[in-house]
Amino acid sequence: MTDARERFLIRYAGSFAPFIVARAEGAWVETADGRRVLDFTSGQICSTLGHNHPRVTAAIRQTLDEVVHLNSWMLSEPVLALAERLASLLPAPLEKVILLNTGSEANEVALKLAKMHTGRFEVVGLTRSFHGLLSGIGSINFSMAHAGYGPLLPGSFALPAPYAYRCPVRHCDGACDCTCLAAGFDLVDQQSVGSLCAVVAEPVLSAGGIIVPPDGYFRRLREFCDARGMLLVLDEAQTGFGRLGKMFGFEHDGVVPDLVAVSKTLGGGIPLAATIASSEIEEDCVAKGFLHVTSHVSDPLPAAAGLAVLEVIEEERLVACARERGEYLLGRLRELQAVHEQIGDVRGRGLLAGLELVEDRESRRPADVLGAAVTAECLRRGLSMNIVRAGSSANCFRMAPPLTITEDEIDLAVEILDESLTAVLAKRPELTHA
Ligand SMILES: Cc1ncc(COP(=O)(O)O)c(C=O)c1O
């Protein structure tokens, strides 16, 4: 079928879904031909309150009557209120906010601030990380998408991710003891030209296969940064505002970063992001001429949506919900693991869960063809999930349902996954070596 999808759109990530969406509500999307699909990725992991939450849509409608967009030097009430609210949620000294649009941009701004403040330029990311696809921050995106676009920024280095199921330094098995961190800094130090500026990290590496760093990892990372005068930048695009069962992912380790970037989960589906710094960093950078003026910096419409998101998260106790429902989801996935040999590992925190498929548990060979077939079968049966790259191939299901997900909806998703795995393996037993 040659339709508008093929004629008029640049295919920005391979193929498109085999249906057109007509509407969405809560954890569900409804296709133009009337099918309901359970959305276990909250859109692009943005609709943490579920799709089209009435409080978010009401806040947006109000801005349509008042003001949608302004010149960047004019401020509005929603912008001031959101900045104050973000500062009140974050620990001292994080209190200065810039309101932006996308996660890539929030990280880009964090890097600009870090470089200007330290006067250095070398930036370190974790392997299997994802921080966005702009050229600057994309240089320390190690999970995908470097080939074909020319050189990375000079001074872009990688630390091996604490991926205990497939230890990058072949040291641990199942429980990381942070040897990868020490080995990684040894490499970084030897490559550095003496301008180490910052480390950027996700509290849980999501696109790289739902890798949960061990307890204490970020405290150790902070020590490595401090010893070199580097800043610690945490990218809370997916993990901020409750998904991991705490307001921010970094709270799990009791570490306060120097800069935080938030995005996806702040806007309730509207493009909204923020970078938050200390007054010390802000004042220093402003004195040095910091500039980041964009078309939609400090726009009222997204700010109003973000404020509504934060109010609902607090009023509906969604951080605690994520913790409780997350435990329930992981428990149900472990039950599945007990019956399917091809589920090599189940991991996650809060409502960010990963399930890694292998050909068999002995070899742990990634079962990427099986993963693609099961994803398609799940979708046919009404469950939408991502498959992301763990190891060298795309064999890890990522589940990030809205924080408002119910136990019944989790049960339904697990049932569809169970039936899909069974059906695919019955039809195509060659997809496994077990
Ligand atoms: C952890 C993380 N950081 C940054 C980004 C980039 O955000 P955006 O796509 O809004 O630029 C993403 C997007 O998936 C992400 O997962």
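Analyst: Start with a definition. A helix is a DSSP run of H or I with at least four residues, and a strand is a run of E with at least two. Both are numbered from the N terminus. Keep in mind that this model is predicted.

User: Where does proline 93 lie in those terms?

Analyst: Proline 93 is in the loop that joins α4 (77-89) to β4 (94-100).

User: Which residues other than glycine have a positive phi?

Analyst: Take two cases. Isoleucine 45 has phi near 60 degrees, and it belongs to helix α2 (residues 42-45). Cysteine 178 has phi of about 70 degrees. Its place is the loop between β6 (156-159) and α6 (179-191).

User: Why does isoleucine 45 count as buried?

Analyst: Buried means under 20% relative accessible area. Isoleucine 45 counts as buried because its relative accessibility is 2%. Cysteine 178 is at 5%, so it counts as buried too.

User: What describes a pair of aromatic rings?

Analyst: Two values do: the distance of the centres and the angle of the planes. Rings of Phe, Tyr and Trp pair if their centres lie within 6.5 Å. The count here comes to 5 aromatic pairs. In one of them, tyrosine 217 and phenylalanine 218, the centres are 5.4 Å apart and the planes stand at 80 degrees, so this pair is edge-to-face. Both residues are buried. Now take phenylalanine 248 and phenylalanine 250: centres 5.5 Å apart, planes at 5 degrees, and therefore stacked. These two are buried as well. Together with Phe241, they make one aromatic cluster.

User: What sits over the ring of tryptophan 28?

Analyst: The charged end of arginine 36 does, 4.3 Å from the ring centre.

User: Which residues are around the ligand?

Analyst: Among them are Thr102, Asn107, Phe130, His131, Glu202 and Lys264. By class, the shell has 7 polar, 3 charged and 2 nonpolar residues. Helix α5 (residues 103-118) gives the largest share, 3 residues.

User: What are the distances from ligand oxygen atoms to glycine 103 and serine 104?

Analyst: For glycine 103, a backbone N or O atom lies 2.8 Å from a ligand oxygen. For serine 104, a side-chain N or O atom is 2.4 Å from a ligand oxygen. Aspartate 235 works through its side chain too: an N or O atom there is 2.6 Å from a ligand nitrogen. Now the cover. The ligand taken alone exposes 390 Å², and the protein buries 81% of that.

Note on methods. Residues are numbered from 1 along each chain as its sequence is written. Side-chain values use heavy atoms; hydrogens and water are left out. A residue is near a molecule or strand if one of its heavy atoms lies within 4 Å of it. A polar contact is a pair of N or O atoms within 3.5 Å; within protein, one must be able to donate a hydrogen and the other to accept it, and residues adjacent in sequence count only if both atoms are side-chain atoms. Accessible areas come from the Shrake-Rupley method with a 1.4 Å probe; for residues, only the protein chains shown count as cover. Ala, Val, Leu, Ile, Met, Phe, Trp, Tyr, Cys and Pro count as nonpolar, Asp, Glu, Lys and Arg as charged, and the others, Gly among them, as polar. Buried means under 20% relative accessible area, exposed over 50%, partly exposed in between (1.4 Å probe, protein chains only). Rings of Phe, Tyr and Trp (its six-membered ring) pair if their centres lie within 6.5 Å; planes under 30 degrees apart count as stacked, over 60 as edge-to-face and the rest as tilted. A charge sits over a ring if NZ of Lys or CZ of Arg is within 6 Å of the ring centre and within 35 degrees of the ring normal.
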